Amino acid sequence: MASMTSSASETFEIPMLPFGETRTPEDYLGGAWHRLWRSRTSGRLLSAPEGTGTPRIEYWCGAEPARLRLRVDGVPSAPSVLALNLRGVWTGVAAPVRIRVRVGDSEESFEVDRREAQTKLVQVPPSAFRGDLLVVELQADEAWEDVDEAEAALPFALACEVSAVAIHADTNACLAWVQSEYDAVRRYRDELFDCGVSKLGDRGQILDKLLLTLGHLEALGAEGQFAIPTLQRVLDDPHVQGRGSGEIRFDESYLLSHGRELREGLVMQAIRKWRAGMEAFHTSIVKLGNRAFLARGEHRLGAPREEDALRELVDGISIPAPKLQGLKERNDLLNTLELLLQRDELQSVVPSLEIEMSSFCNYACVMCGRSWYSFQFARQSDQQLLQVLRVMPYLRHITIAGVGENTTSDRLEVFARMTQVFDVETRIFTNGSKIHEQLDALSRFDKVCVSFDGGTAATFETQRRGAKFDRVLRNIRLLRERAPDIEIAFSTVVSRINLLEVPLIVQHAADLGVDHVALSPVWEVDELRLRASDQKVFEKLLTEAKRIAKAGRVTLQVNVIPEDFSVIDDKPLDVQATRDFANGLDFPSLTVPSWSELERSLSGMEFCYHPPTWVFPDGRWPDPPPGGRRAEPVAELPMAFDFDIDAALEQLDSKIASARQALADAEPSGVQIPYCLSIWKYTYMHANGKNRLCPQVFTDVGNVARHGMQGVTNGEKNRAVRRTMYGGDLLDHCKRCLDPYRRWGHDRVAEQVRKMGLKPLDRSRYSVTHGGR
Ligand SMILES: C[S@@+](CC[C@H](N)C(=O)[O-])C[C@H]1O[C@@H](n2cnc3c(N)ncnc32)[C@H](O)[C@@H]1O
Ligand code: SF4
């Protein structure tokens with residue numbers, strides 16, 4: 001419970017945001033809402049509501065107004081516009097609160113909703129500034145007849161809360177701000193439905209999720225049928241079928257037609273509601289799909305199929321390994337020539353694949369991103385794997401990883417066979433829980449990386465929620481017995497939970513016959529991150545770990561670098577406190593709602609492709625663009641593999657010859673190594689068949705099930721991003737990218753270039769921004 005000390009009015013010194021800028025409450029005012037409240041019991045301490053997440057509760061007492069003192073950077077000489085994010089406190093009393101806002105001589109009175117924040121706009125004359133200070137007074141009009149009534153109503157009798165405050169230089173700056181909020185939501189919508197501005201033949205992630213969920217529900221036959229009409233309605237919506245449309249211009253004329261709605265915060269509220277509706281719809285689809293996935297038992301391996309056409313097909317393929325290796329080498333070379341030639345559309349196959357066999361996971365590790373979000377569960381289908389099969393002869397390397405547990409996929413064994421037939425170098429990441437059920441599959445890979453985050457059961461099971469330490473130990477022993485020649489590695493995420501057990505982890509590796517231990521730093525979760533004061537401890541433990549590794553013939557790879565020991569928020573290591581923190585976490589990935597909960601949430605959901613009609617300048621939605629279409633159907637490939645290796649080799653030779661010729665004819669300045677090689681050399685395929693732009697960015701670049709691997713490689717988004725890699729128009733996230741994957745395969749490229757006697761301009765070395773060294 002927060003304590004309160006003052007009995008009269010409070011003033012809050014709030015640093016001003018720059019003109020024209022606003023931020024959400026989450027990143028402003030220290031993540032808090034300022035609570036302004038009053039009772040008629042002047043001077044008496046009333047209890048504060050618990051669990052509001054507001055660290056600084058202040059109170060507003062008696063008839064005095066609450067005052068916000070805003071310090072500004074530069075006083076405007078013309079009237080400016082103050083934007084205040086206000087909400088009434090808590091529900092319980094249905095009526096909105098009326099708040100008076102006074103700034104200098106200017107006074108406005110607003111109704112403030114008790115549930116949702118609304119951004120109210122107040123005109124501020126230059127005379128209202130006292131030096132660099134602007135004093136804003138807020139006073140609630142709410143009146144309670146008697147003290148008992150006020151006290152009885154608490155915590156509902158509170159007045160209002162204020163969060164993000166911004167001051168806009170003038171009306172135009174204010175309109176620009178509304179415009180940018182609207183544009184941001186529109187971009188969000190377009191990414192979700194239309195894959196941004198690029199035509200990809202791909203319809204954004206939501207439609208794929210929707211179709212997957214519909215497919216699951218239809219196959220179920222009984223449960224979850226309530227959702228089908230809603231999902232179908234969205235799919236049939238002509239606005240959804242058309243591509244992003246309906247821009248709104250928030251200009252002077254909008255001010256004339258919608259001045260009151262703007263000032264009262266109704267426009268902003270509608271924009272935010274619109275976004276929240278789409279988000280809620282997205283989450284509902286994912287949760288419905290996940291419930292259906294579980295109902296269908298797709299998270300379990302199940303009995304082996306009696307008839308397995310894909311396995312039969314794969315087992316019937318036989319291509320001599322030397323020819324396959326020749327094909328891979330030629331494909332690599334063509335790929336390199338193409339990137340030197342600045343080709344955005346590739347004739348070569350991207351030679352490295354990361355594939356996620358299942359996005360379901362039976363753990364919820366405390367540091368893992370998937371534990372925090374509602375991921376859609378999916379497994380690689382036979383149709384998707386058939387698409388991969390078509391490019392498999394050309395692939396050099398496959399990592400089976402992603403954001404789920406691959407050993408829960410019933411296609412892992414078939415996939416392992418595929419990689420063997422085509423002589424692809426492989427490694428797989430697993431949490432180790434189901435090795436005993438997948439021994440055959442796992443023993444077919446070159447390298448099995450078991451995520452191993454503790455030397456004792458208590459530590460291991462804290463960081464890897466859902467794990468059984470003894471089961472994992474037993475499983476590694478089983479795998480070592482079954483596959484004595486494959487490489488087994490520990491992949492250890494070093495955190496403040498397991499730091500002290502690093503030597504013990506290496507000892508386990510030595511005892512179990514594990515070949516390699518890779519130590520990497522934890523990212524994302526602040527409380528688990530290593531701090532500067534841990535560095536000495538780590539170094540000492542590392543010396544011990546190295547000794548154990550040497551004695552046990554384990555190779556040790558240390559990916560923890562000095563920069564990983566953060567100086568921010570340094571505090572002494574307290575393993576128990578960190579564990580308590582971890583044990584207290586709750587994760588959405590573990591909570592798939594029941595059918596009845598899903599039905600309830602779906603019935604209360606508001607989904608709209610556009611904001612309400614009244615928000616549009618002419619009070620109506622734009623007409624949906626003609627020729628709208630649904631997501632393209634999944635291509636049904638025949639269960640066949642027609643591949644003539646000799647013809648493929650010949651074709652590659654001829655393509656290489658023309659690429660070499662093109663290089664010889666090219667202007668010397670035209671031969672360049674691009675800023676990022678990963679978009680030529682590496683591709684990532686989600687379990688639902690969608691490919692992602694790169695290891696760093698979640699942007700979808702196409703659906704393999706619809707367009708095949710080559711179709712996606714050469715989809716419009718991939719091509720557009722490739723084109724940015726030679727000039728000054730890099731995407732923002734590319735400019736900031738520190739991922740080593742950015743120079744994926746660089747040494748190989750450099751070697752090929754050297755052999756060819758070329759001296760290309762190497763843009764991969766550009767650091768902070770593109771175009772400057
Ligand atoms: C996302 S998992 C997927 C494969 C499999 N389920 C597993 O646990 O090995 C891939 C690897 O990322 C690691 N990882 C997860 N969250 C991490 C984090 N916040 N920081 C560093 N590595 C993390 C996991 O420990 C695991 O080794
Ligand atoms: S087992 Fe792997 S995918 Fe699952 S939660 Fe842990 S790290 Fe993430």
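This is a short chat about a predicted model of a protein with two of its ligands.

Me: What share of the residues is buried?
Reply: Buried residues make up 55% of the 773 in the protein.

Me: And the surface, how much accessible area is there?
Reply: About 33400 Å². Carbon and sulfur atoms hold 50% of that surface.

Me: Ligand 1 now. Which residues come nearest?
Reply: There are 15 residues around ligand 1. Met367, Gly404, Ser451, Arg464 and Trp523 come nearest.

Me: How do the shell residues divide by class?
Reply: Around ligand 1 there are seven nonpolar, six polar and two charged residues.

Me: Which polar side-chain atom lies 3.0 Å from a nitrogen of ligand 1?
Reply: One belonging to Glu405.

Me: And what does Arg464 do there?
Reply: An N or O atom in the Arg464 side chain is 2.8 Å from an oxygen atom of ligand 1.

Me: Trp523 too: backbone or side chain?
Reply: Backbone. An N or O atom of the Trp523 backbone lies 2.8 Å from a nitrogen atom of ligand 1.

Me: How much of ligand 1 does the protein bury?
Reply: 89%. Ligand 1 exposes 550 Å² when taken alone.

Me: Which elements give two or more residues to that shell?
Reply: Strand S13 (425-430) and strand S15 (487-494).

Me: Switch to ligand 2. Which residues surround it?
Reply: Among them are Cys361, Cys365 and Cys368. Tyr363, Ala364, Arg370, Ser371, Val403 and Asn431 are in the list as well. Gly404 and Arg464 also surround ligand 2, and both are among the residues that come nearest to ligand 1.

Me: What classes are in the ligand 2 shell?
Reply: Six nonpolar, three polar and two charged residues.

Me: Strand S11 next. Which way do its residues point?
Reply: Ser352 and Glu354 point one way, and Leu353 and Ile355 the other way. All are buried.

Me: How does S11 pair with S12, and over how many bridges?
Reply: S11 and S12 (residues 397-400) are parallel, with four bridges. Strand S19 (residues 682-685) also runs parallel to S11, joined by four bridges.

Me: What stands across from Glu354?
Reply: Thr399 is its bridge partner in S12. In S19, Tyr684 stands opposite Glu354.

Me: Helix H22: why call it largely enclosed?
Reply: Because seven of its ten residues are buried. They are Val704, Ala705, Arg706, Gly708, Met709, Val712 and Thr713.

Me: What caps the N-terminal end of H22?
Reply: Asn703. A side-chain oxygen of Asn703 lies 2.8 Å from the backbone nitrogen of Ala705.

Me: Last one, Leu214. Where does it lie?
Reply: In helix H3, residues 204-220.

Me: Why count Leu214 as buried?
Reply: Because its relative accessible area is 4%, and buried means under 20%.

Me: What does Leu214 touch?
Reply: Setting aside residues up to four places away in sequence, Leu214 touches Ile228, Leu231, Gln232 and Leu235. Gly224 is ten residues along the chain from Leu214, with 9.7 Å between their C-alpha atoms.

Conventions
Residues are numbered from 1 along each chain as its sequence is written. Chains are lettered from A and ligands numbered from 1 in the order in which they are written. This is a predicted model: local features need pLDDT of at least 70, side-chain atom pairs count only at pLDDT 80 or more; totals for chains, interfaces and linings use all residues. Side-chain values use heavy atoms; hydrogens and water are left out. Buried means under 20% relative accessible area, exposed over 50%, partly exposed in between (1.4 Å probe, protein chains only). Contact means heavy atoms within 4.5 Å. A residue is near a molecule or strand if one of its heavy atoms lies within 4 Å of it. A polar contact is a pair of N or O atoms within 3.5 Å; within protein, one must be able to donate a hydrogen and the other to accept it, and residues adjacent in sequence count only if both atoms are side-chain atoms. Accessible areas come from the Shrake-Rupley method with a 1.4 Å probe; for residues, only the protein chains shown count as cover. Ala, Val, Leu, Ile, Met, Phe, Trp, Tyr, Cys and Pro count as nonpolar, Asp, Glu, Lys and Arg as charged, and the others, Gly among them, as polar. Two strands pair if DSSP finds at least two bridges between them.
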